[in-house]
Amino acid sequence: FQFRGAHQRDPGRIDVRNHHAMDKSPFDHPSLNDDAAWMPVVRNVLGDDAQLIFKGLVVTEPGTDEQAWHPDGPVVSRAVWEREVGADA
């Protein structure tokens with residue numbers, strides 16, 4: 001199934017994007033935002049002006065198979081990458 005805020009990629013797994021509730025407790029905690037442990041890596045790769053666009057969560061039932069690889073957002077074309085990041089990056 002697929003709805004605006006949630007969809008099922010595989011049996012036993014639901015991917016939820018809730019733009020409305022993610023700015024409320026507990027999802028608004030600093031450790032999940034600008035102070036997140038992974039933000040230095042993100043800023044190192046994407047630059048100091050990198051911004052969090054959305055948050056989501058995955059609900060998985062016990063015994064569910066591993067999730068297949070998939071992009072979490074749109075794929076960036078080579079032309080856009082080279083224009084925004086540079087051909088040598």
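Reader: How many bridges join β1 to strand β2?

Author: 3 bridges join them. Strand β2 covers residues 13–17, and β1 and β2 run antiparallel. Keep in mind that this is a predicted model.

Reader: What stands opposite H7 there?

Author: D15, in β2.

Reader: And the sheet: in what order do the strands come?

Author: The order is β1-β2-β3. It is an open sheet of 3 strands with antiparallel pairing. The edge strands are β1 (6–10) and β3 (56–60), each pairing on one side only. On average, neighbouring strands are turned by 25 degrees against each other, direction ignored.

Reader: Back up a bit. How many helices and strands are in the protein?

Author: 2 helices and 3 strands. From the N terminus, the elements run β-β-α-β-α.

Reader: New topic, the surface. Which residues make the nonpolar patch?

Author: V41, V45 and L46. The patch is about 320 Å².

Reader: Where is L46 placed?

Author: In helix α1, which spans residues 39–46.

Reader: Is L46 buried or exposed?

Author: Exposed. Its relative accessible area is 58%, and the exposed class begins over 50%.

Reader: What share of the protein counts as buried?

Author: 13% of its 89 residues. The accessible surface comes to about 7,600 Å², and 56% of that belongs to carbon and sulfur atoms.

Reader: Last one, contacts. What percentage join residues at least 24 apart?

Author: 54%, counted among contacts between residues at least 6 apart in sequence.

Definitions and conventions. Residues numbered from 1 in each chain as written. Predicted model: local features only at pLDDT ≥ 70, side-chain atom pairs only at ≥ 80, totals over all residues. Heavy atoms only, no water. Patch = residues over 30% accessible without salt bridge, like charges linked within 9 Å, V, L, I, M, F, W, Y side chains within 5 Å. Areas by Shrake-Rupley, 256 points an atom, 1.4 Å probe, with all protein chains shown as cover. Salt bridge = Lys/Arg side-chain N within 4 Å of Asp/Glu carboxyl O. Helix = DSSP H or I, 4+ residues; strand = E, 2+ residues; numbered from the N terminus. Buried < 20%, exposed > 50% of the residue type's maximum accessible area, 1.4 Å probe, protein only. Pairing = 2+ DSSP bridges. Axes fitted to C-alpha atoms, helices over the stretch in contact; angles between N-to-C directions. Contact = heavy atoms within 4.5 Å.
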